[in-house]
Amino acid sequence: MLYKFETKTNRVKGLSFHPTRPWILTSLHSGSIHLYDYRIKTLLEKFEEHEGPVRGVNFHMTQPLFVSGGDDYKIKVWNYKQRRCLFTLKGHKDYVRTVEFHREAPWIVSSSDDMVIRIWNWQSRTCISELSGHNHYVMSALFHPKDDLVVSASLDQFIRVWDISGLKKKMTTVKPYRENDPMRIQEEIFGTDVIVKLSLEGHDRGVNWAAFHPTQPYIVSASDDHHVKLWRMNDPIVDTFRGHYNNVSCALFHPRQELIISNSEDKTIRVWDIVKKQTVHMIRRDNDRFWTLASHPNQNLFAAGHDSGMIVFKLERERPIFVQNGDGGVFYLKKKHFNSFDFAQGRSVVLFNISKLPSNNGTQTMSYNQTERAILISSDSEGGTYHLYKIPTKDSNSVNTKKGTGVAAIFVGRDRFAVLDKGNTVVVRDLENEEIKKCQLPFTVDWIYPGGSPGTILVQSEDRVYTYDIQQKKVNSEIVIHGVRYVIWSKDKNHVAFLTRDLIVLANKELEQICMVHETVLPKSGVWDEHGVFIYSTSNHLKYLLQNGDNGTIKTLESTIYITGVKDGKVFAIDREFKNRIIEIDPTEYILKLSLLQQNYNKVMNILKENRLVGKAIIAYLQKKGYPEVVHFVKDDRTRFNLALDCGNIEIALQSAKVLDDKECWSRLGVEALKQGNYQIVEMAYSRTSEFDRLSFLYLLVGNLPTLKKMMSYESSDIMSRFQFSLYLGDVEERIKILQEAGLHQLAFITASIHGLTEKAQAIGAQITADGKAQLPQLPQESYLLTPPSPINAFNPSELNWPLLSVAKSVGDAISGDNRFGVESTVDEIGGGWITDDEVGVDDDLTSSNQQESLVDVEDDGWDKLEFKELDKIGTDNFSADKKAEAALFVPPQPGPSFSQIWARNSQFAIDHIAAGSFEVAMNLLNSQIGAINFDPIKPLFMNVFMGARSSLGALPSTPSLLMPIQRKSSSPYIPYNLTHLIDRLKSSAYRSTTEGKFGDALVHFTYILHTIIFCTVETKQENGELKDLINICREYILGIKVELQRKDLATGSQKDTTQGRQTELAAYFTHCNLDSSHLILSLRSAMNCAYKVKHFNLAASFARRLISLNPNPDLATQAKKVFNFAQQTPTPADAPQVNYDERNPFVVCAHSFTPIYKGSALVKCPYCSSCYLPQYKGKVCAICQISEIGKETQGLQVIINQK
């Protein structure tokens, strides 16, 4: 059995698979309904409206609905798209056990402890039938998959089959009666809609479940008599399956095989063979009873609910066994037939048959030897076996078969194959299955894969993959990858792809990592195409991956496929039904990206022109890669405008802005044009947006004073704008005129007086004093004339725009530039009708000397001959200097990758990405490994690692310093933190502060150690284990110190007298932290004192007994013995404070609420430090490490091991 997904929740009582999406519903005993995506292992939604346990849940086959029933007697219909309950059906008078939608009719069947089965119409929201007959709780009621039947199981030991064809006929047929016809009334009163077709009796105790077979007239039942029974509806024979030793909760048929699956309160799931009547598989859990089962309607998936969650599993692998045959085809095993499929012909033929299929419960591999036409098939199940087949020729029908024991077997040479046995040994054998040599590897071997060259294999060992040379018995190279599932080599054996559960890693032949991408969905298969692009499939997508790390989706898949080959725009694959499929794909997108990577720009332009591949994704990609010239191929004006601004193409942006005529576009265009000094476009943009203040200032800067004068006469100009224009122009008379128009006569008088306009000043002064009340203003003593600034560039209509620097041609211009319509200068592709050098037959000696002459001496009449006269005396001396200048041009080489890029490219460890400066990638890795979501506490450590991997070397004066990398080995940064540093900090600071009672300082030290562990490197696997132990030590001490600090706060607070019980609880919890014995003695002494002070003598005696057992110093031992004797003689008074503490019941302390979580209770853990919490704290930041998200499922922390 293969686990696909597992949850940790309260007891699961109901399950339902979605028919098309990778979803599963779980109804919990806590009253909640959870919706999961089991493919990406994520909780999607919670639905909480029931009051009490929810026992049944079911998806509708076509509508976005599901139904639930619970102990609140209610049936609720939900819409999962709207995420709400649509309505509630009320009618049952006791717990609702099961609910199910009908496959076609708008019906719901429900069973209940009120001994009644009800059929509801969910469209009219009414009960249309009540099925009475059982005289005890009805535990289940289900529709038949095809017929109009319902089967029910009850604790009255009966199984009933109900015929609902009459009800269906009544609901769908129009009766030929009139409204008051007595026959109609008689039928409504005495007519029978539902009848009991069968009543099956045979169980000795109550029946918990009954279900129909999807195609056969069979019924399976599960009972409290520990038996599973198979009933035949047209046969009295009953088969009984014995093996469970407690109540059997549920049983159902396998949809496509002759199997029965049952689960029980004996904590097991059993798979029964219907023919052999015996158990063929079994799943056992240590502490969880099973309660319900569900099967997927279309896939080989099952789910089982138990006390602490549910599991989704398969009974066997569905992956077909296949291998490429090297001749444009694939070999694959279908049942007992060995087949060959030819890609070119598109047909499959049977090569030979085998006697026994390998078990598909384990990992199966197939290897092919093209030279000897031999095939190896191995399986690691049942101890591991391999079979060697030699494909028969056309003249022979016999198959030469040899077999042996081994976990995995692969070909390593023309007549050699390697077998991995159980003893960590690789055995090399010949084609006669004779042992040639043994290789004892110096490390643990998990699996072996084919190598890139003959005589080598790839060996997987824990978190690394090695290239091992069998002849020389040595390791040639290695790469750090954890959990490799498949290895796919390119056809030329120069590149290899490693597939894990969530990673795809590409490497070269020397196992140097090229790129790495994360996948949220499990990669299923992959193959290299003829262009060097890796094509792979997931459960629902066909994707590609380039060697620079760019990837994308080629096609969405309706069902899971396994790729066998790629050729000429076709993907060849095998599905789970062993059918060969040919999928047409459009490789244009990844060919475009590959051409960019290879700098084949002509091909890029051809693709963009011919295929019109200019979607938003491609535009964004080309922009990101630094090719904004794609603007030439964009048709959408707004997109074209944005791209033109990004690449600084003002002319194209102007064309699009005129079409769009949008104020925002004109404003942005004006800003960009101003940067480039394009005066005309800036003027147009400011005019279109009516920004006259900016426009006037622009005219001032460029010296366009005539136009600035005209602006003062615009009707739309307000008085302030006119005054500003007059200031720009230095027109004093105009300013005086504007001030008078505005009624500011005194300002006008001052302006005229200062500027020496005496007559105008006198006229204005007379006007001011005309009424005899106002006085003339006093003129300032120190005044100076306000003159406008000189223009930066004198206005010249013939030279409006500012000069620009000439720039090199871009890639797009270089491709579509001067030679766009000319003949290609290259002669490499000359052929066809042109005569080649070989055909001319000229001697080699003459070819070189007469080559230039033969290129110009054309004797054909079509071209004029050179007849320049009087040029004999003219020399060519002046051209030598140009040649020297041309030769002196220096084209600098392209810079290589920086050391930071190399570090990030060659590692999947977060610490290496931090040292490289790729903080975002590192944070994503830490999130997937330890669930880190709060990075503020470890930000200083990020910066320390980043700075510690670099050294700054002083250079010449006025030049920047040189940054030099500090590396621990080739292509890997130096990491300053190690285990020795942390152990010294633990002993010298953390333990000492704890012993001295400086809990605040101790908390800082332990937290520092816990955070720094993430950034550590170790030398051996033993040190890696010590690092994990260090995490546990820090967790226990941080939790204990936090508990003690809270106790001290309560003891010194204003409510210290009313919280004595809580203080005693906290002191007791502190003693259950896994501390060093010296510190545990101190915590027990503190707890004993607290219990004694509040007169809780039972607790005091318990702490004293534990303290004595640790052999403390004599004085403390004497004191503890006195407390113990006194507590034994004195009973605890009734008014002693209540303490929530039971030392006999094992528990852990919730790190958030500081309350006990007893054994068997639901809890969630921090994925990094493993601190325990109550379920309501799931999703919050851990209070101990202050980094990780509580309850998040992660891969686990990956630490760099520097193996010497």
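The following questions and answers go through a predicted protein model and the terms used for it.

User: What are the ground rules here?
Analyst: Residues count from 1 along each chain as its sequence is written. In this predicted model, local features need pLDDT of at least 70, side-chain atom pairs count only at pLDDT 80 or more, totals for chains, interfaces and linings use all residues, and side-chain values use heavy atoms, with hydrogens and water left out.

User: What is the average pLDDT of the protein chain?
Analyst: The average is 81, and 85% of the residues score at least 70. pLDDT is the predictor's confidence in each residue, from 0 to 100. Residues 814-871 fall below 50. Beyond near neighbours in sequence, that stretch has 13 contacts in the model (heavy atoms within 4.5 Å). Residues 873-890 are also below 50, with zero such contacts.

User: Why is strand 18 called mostly covered?
Analyst: Buried means under 20% relative accessible area, exposed over 50%, partly exposed in between (1.4 Å probe, protein chains only). Six of the six residues in strand 18 (207-212) are buried.

User: How do you know that strand 18 pairs with strand 19?
Analyst: Pairing takes at least two bridges found by DSSP. Strands themselves are DSSP runs (E, at least two residues), numbered from the N terminus. Five bridges join strand 18 to strand 19 (residues 218-223), so they pair, and they run antiparallel. Trp209 has Ala222 in strand 19 as its bridge partner. Five residues lie between the two strands of this hairpin.

User: What makes strand 45 and strand 48 edge strands?
Analyst: The open sheet has four strands, ordered 45-46-47-48, with antiparallel pairing. Strand 45 (486-489) and strand 48 (513-518) each have a single partner strand, so one side of each lacks a neighbour in the sheet.
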